[in-house]
Structures are given as C-alpha cells and as structure tokens.
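Me: Could you walk me through this structure? I'm new to this, so please take it slowly.
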Amino acid sequence: MTHAKRFYIAGEWQAPDSSAHIEVENPADEAVIETIAAASASDVDRAVAAAKAAFGEFSRTTVEQRERWLVKLLSIYNRRYDEMARVISLEMGAPIDFAVAAQARTGQGHIEAGINALRTFRFRHSVTGGTVVREPIGVCALITPWNWPINQIACKVVPALATGCTMVLKPSEVTPLSALLWAEMIDELDLPPGVFNLINGDGAAAGATLVAHPDIDMISFTGSTRAGSTIGAVGAQMIKRVTQELGGKSPNIILEGADLHAAVERGVRHCMANSGQSCNAPTRMLVPQNEYAAAVEIARDAANEIRVGRPDHRGNHIGPVASRVQFEKVRALIRAGIDEGATLVAGGPDAPAGLERGYYVKPTVFADVHNEMRIAREEIFGPVLTMIPYRSLDEAIAIANDTPYGLAAYLQGDAELAQSVAGELRAGMVSLNGADQSFEAPFGGYKQSGNGREWGAFGFEDYLETKVINVAA
C-alpha cells in the first residue's frame with residue numbers, strides 16, 4: 001500500500017522516527033505481502049501530542065458538524081467498499097465472498113448506526129435544579145485486533161468522532177492494511193489536523209507505550225483477556241478510563257424439544273464461521289443427554305460438509321486462520337483435547353488435503369467433553385466445537401455459566417422457554433433461535449469478557465464525561 005511505511009499524524013502521512021518494521025503475511029500461502037513501519041516511543045509521542053492539540057477545537061464542534069463528517073465518511077466507505085473487502089481477505093484470509101458480505105459490511109453498519117445514534121442522542125438534559133451535560137472525555141487510545149479488523153476499528157472510531165473526542169488508533173500488526181485504507185478514507189474528510197491519528201506496531205512496544213502515555217484520557221481495547229488484564233492494571237494506576245471487549249467461550253444450549261437437526265447444524269455453521277475467529281462464537285454446544293448421540297452424528301456430518309479453501313476462491317467456505325501464531329495455538333489445543341480423552345468426531349490437527357501451505361485448520365468437533373477440559377474452558381479461536389451433554393435444564397444453565405467468560409450465549413428451542421432461560425445466563429448478549437444482533441444493540445460481556453459496551457448509542461457512553469451545572473433558585 002502507498003502509505004504502509006508511514007503513519008497518519010496531524011492530518012498528514014508522516015515518516016517514522018526509526019527504521020523498525022514488521023512484515024505482513026498472507027495466511028493463505030505464508031507469503032509476505034507488505035512491510036509496515038513499527039512505531040517507536042517518539043512516534044507515539046507525536047501522535048498523542050497531535051491528538052491533544054486538536055482536542056480543544058474538536059470538542060467544541062456541533063453535533064451537526066460531526067454528523068456531516070460521518071455522513072461523508074459513509075459515502076467514502078461505500079465508494080471503497082469492495083476495496084476494503086479485498087484488503088481484509090488478503091491480510092487475514094477471509095474468503096472473498098464472506099469478506100464482502102460480512103467483514104466489510106461491519107464497517108458500513110457501524111457508520112450507519114453512529115449517524116442514527118448521533119441524531120437522537122441527548123448531550124444535555126434537565127434535572128431538578130440544573131442541567132446534566134455530556135462532554136467528550138479527551139484523547140482516546142484505540143487498540144484493535146485482527147479477527148474482524150474493520151469491525152473493531154469502526155465501532156471505536158465512529159463513537160469517538162461522534163462525541164467530539166480525538167484519538168490515536170493502533171490496529172493489530174497482523175491486519176494493518178485495512179486500517180491504512182480506513183485512514184485514507186478519514187483523510188478525505190478534511191477533519192481538523194490531529195483529530196484522528198494512526199500508528200502501527202506491536203502490542204509490546206507501540207501498544208504498551210500508548211496505553212501508558214500520560215496524555216491519554218481513555219483506552220478502548222479489544223483483544224485477549226490476558227492483554228486486557230495488563231492494560232487494565234496500567235489504566236488503574238493512572239486513573240484512566242479503560243473499556244475492554246475481551247475473550248469468550250460462549251455456550252449454545254439446545255433445549256429439550258428443539259428441532260435437533262436444524263439447531264445442531266446452525267450451531268456448527270455459526271461456530272465455524274470466520275474460521276472460528278470470533279470472540280462470541282458458540283463454541284460449547286450443550287445437548288440433552290437423551291439426544292446427545294444423535295446430535296453428535298448431526299454435528300459430525302455438518303462439520304464434514306464445511307469446505308476449507310483459499311480466500312480468493314468464490315463460494316461458501318472457510319479460509320485459513322489469520323497467522324502462524326494462531327495456527328499453532330489452535331492445533332495445540334486440538335491435540336490437548338485428544339490427550340484429555342475427548343472423542344474426535346470430525347477434523348483434527350492435520351492440514352486439510354491440498355492445503356499444506358498456509359494456516360488452514362479442518363473444521364473440528366469433539367464429543368465426550370466435560371466442562372473441566374481445556375478445550376471447554378480456553379478460548380481456542382479456531383474452527384473447533386466442543387459438545388457437552390446435560391441431564392436437566394438446571395444443569396445446562398450451571399454448565400453454561402461455569403466459565404470465566406460471559407460475552408455471549410445462545411439458546412435453541414421453544415421461544416417462551418428460551419426467554420425464561422436467557423434471564424439465568426451470565427452473559428452480555430443472548431441470542432434465541434439464530435437471531436442476529438443489530439448494529440444498534442449493545443455489544444459486550446460480563447466477567448472476564450470485559451467491561452463497557454460498544455455499538456450504536458451504547459458505544460457513545462464510554463467516550464463521554466458527565467457534568468452537572470447547578471443553578472440557584
């Protein structure tokens with residue numbers, strides 16, 4: 001890409017202060033497709049200083065001005081939509097049809113939801129004796145992962161812009177090309193210089209420096225629970241606001257009397273989508289004991305029907321996982337499941353036939369799993385499903401909640417019963433019978449799945465401070 005070896009700082013594409021760089025791989029064939037600059041501490045300082053300098057002016061812009069910028073951003077994004085899909089497919093291995101229909105769509109959806117939220121959001125309202133005012137929090141550090149790259153970028157940048165904050169974005173070094181393309185779109189907006197800044201680099205250097213910077217007022221992080229814990233500790237020491245969307249190990253409860261074939265097939269496909277690289281994927285399927293054997297057969301057949309193929313091929317299939325690090329982690333956990341005594345029903349650690357080069361993983365299903373196994377407790381982040389039997393609804397709820405995570409949960413079966421059970425599940429998002437989530441609904445979880453909420457108007461809250469102006473009678 002034209003700007004791969006530069007950073008977007010203060011409204012310009014600027015050269016880095018050092019020669020450090022990172023090679024970006026195509027996970028489909030392990031070829032290096034780009035070399036990006038890696039930010040030094042001085043690069044981070046420049047980006048934060050630009051954001052700090054821009055905050056005073058930008059925080060005083062009107063809602064109408066910010067709405068016009070977002071409407072223009074949507075127009076630009078729509079014009080470059082197919083380009084975004086191609087870049088995501090190249091850098092993280094999403095099959096091109098999936099990249100067009102799902103990955104690139106998320107960026108568009110979050111801009112649309114942000115515009116709609118901004119048009120109705122109340123930044124001032126009266127209370128007895130005064131007025132409550134919602135004001136932008138300041139300079140925000142936005143750190144995003146690689147699995148849904150433009151999704152997490154858009155759902156952080158859009159509310160920051162909408163609320164009048166300035167920001168420094170550090171995307172994942174695994175998928176930086178979509179972020180560079182996003183920065184090119186932002187550049188077309190003619191925002192005041194320094195409102196949006198982009199640096200590249202890894203978490204240990206650029207990310208850690210950004211998080212600990214004294215002029216950062218708020219940190220929004222999406223990634224692993226381990227990294228989130230570290231960031232949270234740094235934020236706590238400096239009394240920064242920290243919001244996090246972290247890991248998940250989401251249960252999918254098949255209720256007694258559900259259409260077993262439809263429910264299990266739907267659960268398998270959902271788990272395997274995006275090659276299993278979704279924090280809210282339904283990776284633990286809980287099935288009534290008396291239907292368990294039949295469910296395992298259905299899951300095996302459904303997994304074996306899922307094709308694995310190259311990202312540039314058209315059609316309905318899954319691609320590779322996004323990096324060698326992830327590839328080795330997924331295969332290691334599949335081997336751990338076998339070693340722990342789970343029954344390998346489909347897939348396994350070996351590469352699919354004909355796809356020995358690249359980071360391809362077979363759709364894998366384990367049966368005879370109990371909730372103390374590593375494959376039932378750790379976030380695998382690959383196309384791996386664990387199936388667990390239950391003897392009563394109370395036991396199913398207990399198993400579902402027996403996890404350090406609480407991002408999402410799924411229920412299949414009678415709608416009235418599912419509504420009742422949803423209230424018993426310790427998760428931030430519960431989907432019934434395959435329901436999708438709107439871009440205007442709050443995205444986030446309980447427990448070690450993070451804190452705060454993103455998407456739509458709910459995503460505005462963490463970028464705002466609350467002030468009350470009291471007036472004497």
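Me: Which helix gives the most to the lining of the largest pocket?
Reply: In this predicted model, α8 gives the most to that lining, with six residues.

Me: What volume does the largest pocket have, and which residues are closest to its centre?
Reply: The largest pocket has a volume of about 1,200 Å³, and of the 46 residues that line the pocket, the closest to its centre are Trp146, Gly223, Ser224, Arg226 and Ala227.

Me: Which elements give two or more residues to the lining?
Reply: Those elements are β3 (21-26), α7 (203-211), β10 (218-222), α8 (225-238) and α11.

Me: About α11, why does its length agree with what a helix should span?
Reply: Helix α11 covers residues 324-339, and at 1.5 Å a residue its 16 residues should span 22 Å, which agrees with its end C-alpha atoms being 22 Å apart.

Me: And what do the buried residues of α11 pack against?
Reply: The buried residues of α11, including Phe327, Leu333 and Ile334, pack against β15 (364-367), α12 (374-377) and β16 (384-390).

Me: What comes just after α11?
Reply: Just after α11 there is Gly341, which takes a positive phi of about 100°.

Me: Switching to sheets, what is the order of strands in the open sheet of three?
Reply: The order is β5-β6-β22, with antiparallel pairing, and the edge strands, β5 (124-127) and β22 (464-470), each pair on one side only.

Me: How many bridges join β5 to β6, and what stands opposite His125?
Reply: Four bridges join β5 to β6 (residues 130-136), and His125 stands opposite Val132 in β6.

Conventions
Residues numbered from 1 in each chain as written. Predicted model: local features only at pLDDT ≥ 70, side-chain atom pairs only at ≥ 80, totals over all residues. Heavy atoms only, no water. Pairing = 2+ DSSP bridges. Expected span 1.5 Å × (residues − 1). Buried < 20%, exposed > 50% of the residue type's maximum accessible area, 1.4 Å probe, protein only. Contact = heavy atoms within 4.5 Å. 1 Å grid on protein atoms, 1.4 Å probe; cavity = no way out; pocket = protein on both sides within 12 Å on 5 of 7 lines; lining within 4 Å. Points joined across faces, edges and corners; volume = space filled by probe spheres on them.
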